[in-house]
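Good morning, everyone, and thank you for coming. Let me put the sequence and the structure on the screen, and then we can go through them together.

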Amino acid sequence: MVFKVDTTPALQRVENPVARLLPIATTLFATVISIQPAHIPGYAALTPAFTLMAVYHWTIYRPDLLPPSVLFLVGVTQDLLAGVPPGVTALVLLLARAAVLPHRRHFVDRLFPFVWTGFTMLTIGAMLFLWTLHCLLDGVLVDFRGTVFRAVLTISMFPIASFLLGRTQRTFMGAG
Amino acid sequence: MIGLSPPRRAAVQRMAVPFLVLLSATLVILGKADQLMFESLRVSVTDTASPALDVLSRPLAAFGHLADRTREFLSVYQDNRRLVAENERLLNWQQAALKLASENAQLRELLKLTPEPAITFITARVIANSGGAYVRSLMVHAGRENGVARGQAAVTGEGLVGRVSEVGSRAARIILVTDLNSRVPVVVQGSQQRALLTGDNSERPCLNYLDAGAEIKIGDRIVTSGQGGVFPPGLPVGVVASLDGEAPRVEPYVELSQVEYLRIVDYGLADGLPKPIPIVSRSGRRAEPLAGAQLGRR
């Protein structure tokens, strides 16, 4: 199976208001999924970073429809709901966008393994950043294993998320 | 930005990310420096989102139930055999319990013992968790309107889950015993060694401040000691699971990731939890720390 989203680097104008809201809606949905209790042993600590997946996807394909201000609000909301220090997720999402945006043209119209490699690098960076930040905030050396497992789970789940986001994008926005 | 000229709009867009990154970093630092600063905002967001989270968590819970049913169906024969054996054993215990209950009642009567105050509890559904490696908390769909108050104990039939750390009108946050900021005064049953159960975000919290010569072995039961006045004494917490490393580790009785419903119990001790201390009081002077403040960092 080849995961590939047919988009062109030039961003075509999306007129349909539902389609325009799609990146924000899916990112919000990813936020809600991130804090859902799954009743699986040990899952809460290893929950994949679904919001990061959505942000990576939309930053590549439709950065115009997921502005930084929305990322900030989504991130802060997720932090407030999850009970983590407010601003942490917002910081990660904004930095992820800033890191991906200059290179988005390299990922558009490329085969999925290439896109996945990009996401793997982003996840490793984001998880290292989160770990360092929490070590500094808590003043202790936080166990690194949880971070590694979470990164592995996030990277492994990305193909499914990317496939679903790509299908949703094609359904509502067409190929562009 | 509608009224802005294109060059100005571009400039604003260029500055938006650095500004928001700076704002986020400021929020992180402020939130760390004064944990009360965002509490009301956190409570309002939690309250607003709780009905939606409640609805959204149900399909996942239903899926979990379906998986459980399938598993139960597959293991029904072994379960039956195990339950028959267990029933036989429990019937013996029932006889012992009835005998002890009657003896206990007689002794209480002889001693004119003051009965313990009746406890009240409410059952609440878990609607969200912290979803990450750095915080261990749960959100429940019950709040001040239902009688939940800060400091109340959250338990299941198996044992202690944590305590209520934030309360909104419809939702509350439970800080789990495994959280980095959780400190529960406990006692090792049998040896009566007192210790502090310290969460470190791992699945198994540590037993700290044990006496130097304390003899702890794997399988020892750990219950709350009641010190500090937050939890009543004798609530089951877990068993000693490993003795490697600096401090013994305790496996909680409750599988904390799988809690769907929990009981929030009012033992009438919630006032024992100190109020959070603002870094600077409203008048601009430093607030006086309260006794036992180490138990309520959050």
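I begin with chain B, where the C-alpha centres of domain 1 and domain 2 lie 17 Å apart. Those domains cover residues 39-111 and 120-271 of chain B respectively, with bounds that come from an automatic or database domain assignment. Please keep in mind that this is a predicted model, in which local features need pLDDT of at least 70 and side-chain atom pairs count only at pLDDT 80 or more, while totals for chains, interfaces and linings use all residues. Residues are numbered from 1 along each chain as its sequence is written, and chains are lettered from A and ligands numbered from 1 in the order in which they are written.

How many residues of domain 1 of chain B are in contact with domain 2 of chain B? There are 10, and they meet 13 residues of domain 2 of chain B, where contact means that the C-beta atoms, placed from the backbone, lie within 7 Å.

Now to chain A, whose secondary structure comes to 8 helices and 0 strands, counted as DSSP runs numbered from the N terminus, with helices being H or I of at least four residues and strands being E of at least two. Of the contacts in chain A with a separation of 6 or more, 72% join residues 24 or more positions apart. The C-alpha atoms of chain A fill a box of roughly 50 × 35 × 30 Å along the principal axes.

Conventions
Contact = placed C-beta atoms within 7 Å.
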